[in-house]
Amino acid sequence: MKNENNNAREVAGVKLFSVKFVKSATKLSELPEERLPQVALLGRSNVGKSSLLNTLFGVKNMVKVSSTPGKTQELNFFAVNDAFYIVDLPGVGYTRVSYKKQEQMAESIRKYIEGSEDLKGVIYLVDIRHCGTPIDEETIKGIRAAGRPVLIVASKRDKVNQFECAKNCKIIQEKFGLESLPITVSSLKKTGIAELWSEILSVVAEAR
Ligand SMILES: Nc1nc2c(ncn2[C@@H]2O[C@H](COP(=O)(O)OP(=O)(O)O)[C@@H](O)[C@H]2O)c(=O)[nH]1
Ligand SMILES: [Mg+2]
C-alpha cells in the first residue's frame, strides 16, 4: 500500500497521513490480505459508530452515516497510516432486517471477534441516554469471553446535560464493571476525540 501524503491532516493532535477504505468483508476468509493490528468499532445500530469514525478520521462522509439504521451489513476495514485497521462492524440487535439476515450479521460479528488473530481490542459504543441495553450487556459478555479487551465509550454526549452525563456514566461504569468512568464522545460537538484516539493508539502500540 502506498502512502497518500497529499491528504495528511491532524485530528485532535493525531497525525493522519493516510486513511483508506480497504475492503468490506462478511466472513473471516475475506479479511484484508495485508496483516495489521485491528481495532473494531461495535454497538447497536444508530448509536453513532459511522459518525464517530468520520470524526476520528477528520472527514465529513468517508463512512456512510445513515438515517436508515442497519445500513452497514459488512465488516468495513479502514487502514490508518498504513499501520493499523479500524473496523466498522454492523450494528448489533438491529431488528428491521429479516430475522435470517439478523442472525447472519450476528454470526459474522461473532466469528470475526472470536477468530480474527489481529483483532487487538473492541471499542463498544453505548448511547449515553440509554446506559446500555440487555443486548449490549450480552454482546459485551461475549466479547470478553472471547478474550478481547473492550473499551466502553458513551456516545452522543451532547444529548445530555452535565448532571445526566455524570449520573449515566456512573450507571454505565457499574453495569459493565469498569475500573473508571467511560470516555464520553460527541461527533456533533467533536468532544472526547483526543482521549479516544489516545486509547486506540495505545491498544495498537501494545499489539506490536
Ligand atoms: N446529537 C448527536 N447525534 C449523533 C451523534 N453521532 C451520531 N448522531 C446521529 O445519530 C444517527 C445515527 O448515526 P450513525 O453514525 O449512522 O450511527 P451507526 O448506525 O451506529 O453507524 C445519525 O442521525 C447521526 O447524525 C452525536 O454525537 N450527537
Ligand atoms: Mg453505521
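Reader: How far apart are the end C-alpha atoms of H2?

Author: The 17 residues of H2 should span 24 Å at 1.5 Å a residue, where the expected span is 1.5 Å times one less than the number of residues, and helices (H or I, at least four residues) and strands (E, at least two) are DSSP runs numbered from the N terminus. This is a predicted model, in which local features need pLDDT of at least 70 and side-chain atom pairs pLDDT 80 or more, whereas totals for chains, interfaces and linings use all residues. Residues are numbered from 1 along each chain as written, chains are lettered from A and ligands numbered from 1 in written order, and side-chain values use heavy atoms without hydrogens or water.

Reader: Over what arc do the buried residues of H2 lie?

Author: Met105, Ser108, Ile109, Tyr112 and Ile113 are the buried residues of H2, buried meaning under 20% relative accessible area, exposed over 50% and partly exposed in between (1.4 Å probe, protein chains only). They lie on the same side of H2 because the arc, taken from the directions from the helix axis to the C-beta atoms, is only 130°.

Reader: Which exposed residues does the opposite face of H2 carry?

Author: The buried residues of H2 pack against E4, E5, E6, E7 and H3, contact meaning heavy atoms within 4.5 Å. The face turned away from this buried side carries the exposed residues Tyr99 and Lys100.

Reader: Is Asp127 buried or exposed?

Author: Asp127 belongs to strand E7, residues 119–127. Its relative accessibility is 9%, and therefore Asp127 counts as buried.
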